[in-house]
Amino acid sequence: MSNKVLIVDDAAFMRMMIKEILTKNGFNVVGEASDGAQAVEKFKELSPDLVTMDITMPEMDGITALKEIRKLDSSAKVIMCSAMGQQAMVIDAIQAGAKDFIVKPFQADRVIEAIKKTLG
């Protein structure tokens, strides 16, 4: 069975880019969210195997959403997505339970490597 992935990013084109990389590599994108609050709701609804989470978003940022998701499921697998220069936020995210992070602009091989490593 292909792994179920939830993609969270406030930029539609970023979600589209990740979705394209994942579907080409056999992953099943079960949902998308454009902010952290939506991400938490979709996580409850869809029970994905993995979440790709943007850090900087309106409403609720990715780190807050990550913490909320980890409250719901302490074994949740979340990979953070960040732009260059957000190292401090990446460290916060890892401390909050993120499994890995990928840097924008996305490189397909790095995205797949991070996901495969996280899913074990």
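Buried means under 20% relative accessible area, exposed over 50%, and partly exposed in between. Keep these cut-offs at hand while touring this predicted model.

Start with helix α3, residues 62–72. Select K71: its relative accessibility is 65%, so K71 counts as exposed. Next, select D100, R110, E113 and K117, which salt bridges with shared partners join into one network.

Move to strand β1, residues 4–8, where four of the five residues are buried. Show strand β2 (residues 28–33) beside β1: the two pair in the parallel sense over five bridges. Pick L6 and look across to its bridge partner in β2, G31. Then follow the chain from β1 through helix α1 (residues 12–24) to β2; this β-α-β crossover is right-handed.

Stay on α1 and select K24 and E20, which lie four residues apart in this helix. Their salt bridge has its closest N and O atoms 3.6 Å apart. K24 is exposed at 65%, while E20 is partly exposed at 43%.

Return to β1 and show strand β3, residues 50–54, which pairs with β1 in the parallel sense over four bridges. V8 stands opposite M53 of β3.

Finish at D54, whose side chain meets that of K104 in a salt bridge of 3.0 Å, N to O. This pair links β3 to strand β5 (residues 100–104), across 50 residues of chain. Are D54 and K104 buried or exposed? D54 is buried at 3%, and K104 is buried at 14%.

Note on methods. Residues numbered from 1 in each chain as written. Predicted model: local features only at pLDDT ≥ 70, side-chain atom pairs only at ≥ 80, totals over all residues. Heavy atoms only, no water. Buried < 20%, exposed > 50% of the residue type's maximum accessible area, 1.4 Å probe, protein only. Pairing = 2+ DSSP bridges. Right-handed = clockwise from strand over helix to strand, strands pointing away. Salt bridge = Lys/Arg side-chain N within 4 Å of Asp/Glu carboxyl O.
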